[in-house]
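Visitor: I would like to learn how to read the features of a structure such as this one, with the criteria spelled out as we go. Could you begin by showing it to me?

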Amino acid sequence: MEKMKPGRNDPCPCGSDKKYKHCCIDSVSKQHAEVFDEIAQIVAMNPNLTLDELNLVAEQQMHERNTQPDPDFCGLSSTQMANWLYAPFNELAWVTISIPDNLSSSPVMRYLALILDEAMQQEGSFKATSGGNLPAKLVKQACDLLPEFAVAEYETMPSISEYMGSNEDRFNALHYTRILAEIAGIICHRSGRFHIKKEAQKQFQTHGVKAFFLPMLDAAITKYNWGYLDGWEDDVDLRTYWLFMLWRLQSHSSVDQLIEEVATAFPDLVRQYPSSEYRTPQEQLGMRIESRFIERFLQFWGFVTVDPRRMFAGERVPRKVDIQPLLMQTFRFGI
C-alpha cells in the first residue's frame, strides 16, 4: 500500500500530532533541495537532455538517495526506514514475524489463555465484577503464574509489582492483556459479562492461544495507547518507531545506546519535550522509551527483562536488557 505524501496542513507522519508544516517539512525540503542541486549539475553537464531523459535522471537520483545507508538511521536507507515507520503491520519488510511454538514464557499470552479458558468452561462467557473487571478468582490464578516468567527475578516486592495485584485495577500486566484482547476483537464486555467472540471460540478450540498471538501483537503496536498506564500528560506517540527501536535493542541490548540512537534518528521527537530544571529533553524522551516500550511492551510480552535498579552506591547504573528466546523466535531481521 503506497503512502500519499502529507500535505502542509496534514498531521506530521512522525507522530508528533503537529501539522507537517510545523514539524518535519524543513528536513524533507532540505533533502529535496540537495537532490535538485544534483540534478542541476547533471543538466549543466548535459544541456541537450530531453524531458523524458530528465525525468529518468530525477528518478534515478531519488532512487539512489533513498536506497543509500544513512548513518543517522544506523545504516538503514530512507526506503527501509519509511517502510518500518509507515507500512501496515502485515506489510513490513526486512523483518520476518513468526509465531513461536511455545508461548509459555509470555505473560500476555498466558494471561489471555486464562481468560479464554475461564470463558470456555462457562459456555463462552463469565461474569465481570461490578466495576467491569476480571473476577478475583482469575486474578489469583494470574498472580500464581509469576514464578514461571523470567521477570520474576526482579519482581520481589508484591506491593509495587506489575505482575501481581489484589484485583485487575492493581495488576497492570493483566489489565493490559484484557484491554488488548478487547481491542483485538477476541473478547467483549456486555451485560455484565465477558464474552469470547464466536469466531474466536472456534479459533481457540482449533489452534489454542497461538491463534491470537499476531492479532494481539498488532493491537499492541497499532491500536493500544502506550501512555495509558503512566501519568505523563504528553501525547508523544512512540508506536511509530517500535520496529526501529526493537532492531537496535536486539543488536546491542543497551537502553542508553537505544535512547541516543532514537534521538539521533528522530531529532523532532526530542524537540517536543521542553527543557526543565531536572531533566533534559532527551532524558525525558528516554524515560518514555524505558517505561512505554521496554517495560510495558517488551517485558509484558516476555521478549526481554530489565533490571529495575537505576542507581547503585549513589551512581547511575547503565541499563541493559536481557534478550529472551521468545524475542529471537518472533522477530528475525533481514538487515
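Guide: Domain bounds come from an automatic or database domain assignment, and a pocket is, on a 1 Å grid over the protein atoms alone, an open set of points where a 1.4 Å probe fits, with protein on both sides within 12 Å along at least five of seven lines, its lining residues having an atom within 4 Å of a point. With those terms, the lining of the second largest pocket draws at least three residues from each of domain 2 (107-223) and domain 3 (239-330). This is a predicted model, in which local features need pLDDT of at least 70 and side-chain atom pairs count only at pLDDT 80 or more, while totals for chains, interfaces and linings use all residues. Residues are numbered from 1 along each chain as its sequence is written, and side-chain values use heavy atoms, with hydrogens and water left out.

Visitor: What volume does the second largest pocket have, and which residues are the closest to its centre?

Guide: A volume is the space filled by probe spheres set on the grid points, which are joined across faces, edges and corners. For the second largest pocket this gives about 760 Å³, and of its 30 lining residues the closest to the centre are Glu290, Glu295, Pro308, Arg310 and Arg319.

Visitor: Which elements give two or more residues to that lining?

Guide: Elements are DSSP runs numbered from the N terminus, helices being H or I with at least four residues and strands being E with at least two. Helix 10 (255-265) and helix 12 (281-301) are the elements that give two or more residues to the lining of the second largest pocket, and helix 12 supplies the largest share, nine residues.

Visitor: How many cavities of 30 Å³ or more does a search of the whole structure find?

Guide: A cavity is a set of grid points where the probe fits but cannot get out. The search finds one of 30 Å³ or more, and the largest cavity has a volume of about 50 Å³. Its lining consists of Tyr176, Tyr224, Trp226, Leu229, Arg292, Arg296 and Phe297, of which five are nonpolar, none polar and two charged; helix 12 again gives the largest share, here three residues.

Visitor: Which residues of helix 5 are buried, and what do they pack against?

Guide: Buried means under 20% relative accessible area, exposed over 50%, and partly exposed in between (1.4 Å probe, protein chains only). In helix 5 (residues 136-143) the buried residues are Leu138, Val139, Ala142 and Cys143. They lie on the same side of helix 5 because they cover an arc of only 145° around the axis, the arc being that of the directions from the helix axis to the C-beta atoms. Taking contact as heavy atoms within 4.5 Å, these buried residues pack against helix 4 (107-120), strand 2 (125-127) and helix 6 (172-183).

Visitor: Is Ser191 buried or exposed, and what of Ser253?

Guide: Ser191, in the loop between strand 3 (187-190) and strand 4 (193-196), is exposed, with a relative accessible area of 73%, and has a positive phi of about 55° although it is not a glycine. Ser253, in the loop between helix 9 (242-252) and helix 10, is buried at 14%, and its phi is also positive, near 70°.

How values were computed
Ala, Val, Leu, Ile, Met, Phe, Trp, Tyr, Cys and Pro count as nonpolar, Asp, Glu, Lys and Arg as charged, and the others, Gly among them, as polar.
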